[in-house]
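The following paragraphs lead the reader through a structure and the place where its ligand sits. Please look at the sequence and the model before reading on.

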Amino acid sequence: MRLGLFGGTFDPPHLGHLVAASEACDALRLDRLLWIPAAVHPLKGGRVRTPAPLRLEMAAAAVAGDPRFGVDDLELKRQGPSYTVDTLREVRDRHPAAEIFFLTGADNLADLPRWREPDEIARIATLAVVSREGETLPDDPAYPAVHVPVTRVDVSSTLVRGRAATGQTLRYLVPDAVRAVIERERLYREPSPLDRIR
Ligand code: ATP
Ligand code: MG
């Protein structure tokens, strides 16, 4: 089995995530892609993060209906923020026969040598760098990575939160089921200071 992992804060998940995830599945011929919401410090960067159970619910709502996708809460179950290498070890132990692909954005790849145990990460998983048209990859990545070009969709969680804060519609930017959770919980009604400067 070819198993992909797609980590993110998913606060909230949006169309850009879905297009990238779907196209990466095709390009890498993945049998399954697990979306893994990250445990983040609730006040990291000066912005109040949506509680993990709601980010998990939104991720599950976003992937529902696509049999290739699943959500895994393994990082949320641990105490405190996770290291990628620990997540990869856990997934490998659970799926010993799987070939594991770790999806990451082009910006993250340059940081890999500073992650914990980068060599072990590269041993356990094939790095797959999702890049949007116009995005440049590091010239000399310290670790070999598969390049996965995806259709450029300029939606970000920051954009979605900003629209919610000013009462603009989120329709078609996030799946209807995600929009329903955002409305039910009245998420992102307050603009966050950090979001405003990005
Ligand atoms: P924020 O605006 O808060 O930074 P985000 O939209 O980048 O949020 P994340 O949860 O941080 O969402 O993203 C998870 C992963 O998805 C990251 O690797 C990120 O590079 C990638 N990603 C985010 N938006 C897009 C998009 N529009 N197209 C392709 N990949 C994306
Ligand atoms: Mg981001």
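The largest pocket has a volume of about 1,500 Å³. A pocket is an open set of points on a 1 Å grid over the protein atoms alone, where a 1.4 Å probe fits, with protein on both sides within 12 Å along at least five of seven lines. This is a predicted model, in which local features need pLDDT of at least 70, side-chain atom pairs count only at pLDDT 80 or more, and totals for chains, interfaces and linings use all residues. Residues are numbered from 1 along each chain as its sequence is written, ligands are numbered from 1 in the order in which they are written, and side-chain values use heavy atoms, without hydrogens and water.

The lining of the largest pocket comprises 45 residues (each with an atom within 4 Å of a point), and those nearest the centre are Gly 7, Gly 8, Thr 9, Asp 107 and Asn 108.

Ligand 1 takes up the space of this largest pocket (more than half of its atoms lie within 2 Å of the grid points). Around ligand 1 stand 18 residues (a heavy atom within 4 Å), the closest being His 14, Val 153, Val 155, Ser 157 and Thr 158.

Individual atoms come within 3.5 Å, the limit for a polar contact between N or O atoms. The backbone of Val 153 places an N or O atom 2.7 Å from a nitrogen atom of ligand 1, while an N or O atom in the side chain of His 14 is 2.9 Å from an oxygen atom of ligand 1.

Technical notes
Polar contact = N/O pair within 3.5 Å; in protein donor to acceptor, adjacent residues only side chain to side chain. Points joined across faces, edges and corners; volume = space filled by probe spheres on them.
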